Amino acid sequence: MSDTGGSLVELQNIHKWFGDLHVLKGIDVSIDPKQVVVVIGPSGSGKSTLLRCINVLEMPTQGKVIFDGEDITDIRTNVNKVRTHIGIVFQAYNLFPHKTVMQNITIALEKVLGVNGSEANDRAMEQLKRVGLEHKAQAHPGQLSGGQQQRVAIARALAMRPKLMLFDEVTSALDPELVKEVLDTMKQLAEEGMTMVIVTHEMGFAREVGTRLLFMDDGKILEDGEPRAIFENPGDDRCRDFLSHVL
Amino acid sequence: MIQGAVDQEQRTEEQERAPDVRGGTAPLPVSILAAGWGAIGLVIIGTVLLQVWYTFNGPALSSSICRTNPGLFRQVPQGTKIILKPIGGALGTCHIISALNSTAETVLLWLAAIVGIATVVAAFYFFRRMPTKRMREQVIAGGVLGSQAFLIALFVLWFRSGEGATRFANQFLNFDVLSGSVGSFVNGAKFTVMLAAGGELGGIILGLTLSLLALSGRKSVRAPARVYINFFRGTPLIWQLTVFYFGLAGLGLNLSAFQTGLLVFSLNTGAYSAEVFRAGIQSIERGQMEAARSLGMTYLQAMRYAIVPQAVRRVIPPLMNEFVILIKDTALVVVLGVVLSEREMFSVAQDGYASSANSTFYVAAAIGYLIITLPLIRLVTFVESRLRTGLTGIVGL
């Protein structure tokens, strides 16, 4: 069911206020299946807020989010059900510290999707293998490195078999030597055809893996296009300024 | 070379430790420390041993022997004459006074006082002249212990000099008067613990529920919980007990004092532990709720599977502290007039005092409360340190 011309997500004129702070100032974007959208921009530009509006972790103050043909900003929509189709990975991992790696993944499968115990375990194991952590299934998050925790967080999101994956600065809290293992996992995921929206400061990764790049500043999207083209010849002044500072 | 190899081997066997840089010691600081310990040992352990010895081997207890000790009798005017009458309960404390006034105690106290003050003087003279940190600490510790021994010895010398010691012993240390009440105290301890444990259990269940209501984003849900919490936190426990006991009786609902205690302690603890749970839940990082919700959990599922289990671990120490407070607060049911078979410890002590006019019953109750609360207080410290080192936070409890 799709009345949005084949796009998976469509943001229509999104505005977000936190109190009197105007964070998003009219965002219009639609994302097609299998696109890997990379969002860059200076801190405070609204990148994370935009990402969190896509799974309505932040409800937009104005505007609509259409996901898979359904207006999920409509108050009658069951957002809990919608969120099972949208995986998100956070900067701070946000694993449940009181549960094992395995339980971190199976809890939502069992309690939200109603998958029975042994099948949930199988699905969790499948994702742990994908991120190369099947031997850590019985460990607690506190016993893992940051990179390993982040890969578990990715596995936890993937086990729900989402249609869309959101990544919110997932390598920003990692020590430099741990960044690569997480980026490699994401790259592999992109190659498998997952639709992804990635907020990141890793410019090399954005350029290499992204199929589309959004540059945001001051709550607006100022650039939208092919990553290589934008990196080589940014059309917007602020984008050029930003890239000259980070590259 | 060989030495190095041995060092290497030892290091792999045991965990490497930070070097001890406190330095060596010498006979002088060690003897000052020993003198300090000796002085305080004399006055405390010596006095205790003498008391024990007199308890078992002291003179047979009779009024004639007590009469030889000052302060065990009082002057009572009778007509025109004044006669001597033994003070009530004097027999039970006779040996305490005998031991305090014995020659052995005198020798002990003077010795402790002299050694103590000598240690203080030596410590003051030497502590700045010590070449290492360890020596200085030993000298200072010896001096402090010596000063404590000196003060205690002086106090005991003064204390036993008049009639005050006898009066004090009669009033507070006359353990003979307890002889028929030991069973009552044990039973009282049982009811104290039952009241506190029942109240805490009810309070925790009620408190967790209230905290979830109080954390609701909807004012209409929050308001009743806040009213309840503020009411029970804002009125005296003794008022609540009284009103529930007599008020409910007036409405035709006859609860025993014990039942009223259970009910009111649950209601009251519910209010306090609601605040503890609320703080615990609010202390869980926002990301935990976001992670749970983004996996499709409802608010209540997120609370149940992600937030509350973590919050409960964090609030165990404050809840245990509250339990200790509640153990002591159970004494308040005494105002309701507890029936004989359901008396808790303080009621037992109160009744004992009422029939004997002797405060030793209160001393016994204090000892009883301490026997229950001190291990709990130690346990709280232990759990807190485990939580602080993160052991409890990560893997189970």
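Axes are lines fitted to C-alpha atoms, for helices over the stretch in contact, and angles run from 0 to 180 degrees between N-to-C directions. The model is predicted: local features need pLDDT of at least 70 and side-chain atom pairs 80 or more, while totals for chains, interfaces and linings use all residues. Residues are numbered from 1 along each chain, chains are lettered from A in the order written, and side-chain values use heavy atoms, without hydrogens and water.

**Exercise 1. Describe how helices H8 and H14 of chain B pack.**

Step 1. Two packed helices are described by the angle between their axes and the distance between the axes. Helices (H or I, at least four residues) and strands (E, at least two) are DSSP runs, numbered from the N terminus.

Step 2. H8(B) covers residues 182-214 and H14(B) residues 345-356; the angle is about 145°, and the axes are 7 Å apart.

Step 3. Contact means heavy atoms within 4.5 Å. H8(B) contributes Ser184(B), Phe185(B), Gly188(B), Ala189(B) and Thr192(B), and H14(B) contributes Met345(B), Val348(B) and Ala349(B).

Step 4. Sorted by class, these are 5 nonpolar, 3 polar and no charged residues. Ala, Val, Leu, Ile, Met, Phe, Trp, Tyr, Cys and Pro count as nonpolar, Asp, Glu, Lys and Arg as charged, and the others, Gly among them, as polar.

**Exercise 2. Describe the interface of chain A and chain B.**

Step 1. Count the residues: 25 of chain A are in contact with 21 of chain B.

Step 2. Buried area is the accessible area (1.4 Å probe) that two parts lose on being put together, summed over both. Here the value is about 1900 Å², with 61% on carbon and sulfur atoms. In chain A, the most area is lost by Asn80(A), Phe96(A) and His98(A), together 28% of what that side buries.

Step 3. There are 2 salt bridges between the chains (a side-chain nitrogen of Lys or Arg within 4 Å of a carboxyl oxygen of Asp or Glu). One of them joins Glu58(A) and Arg286(B), whose closest N and O atoms are 3.8 Å apart.
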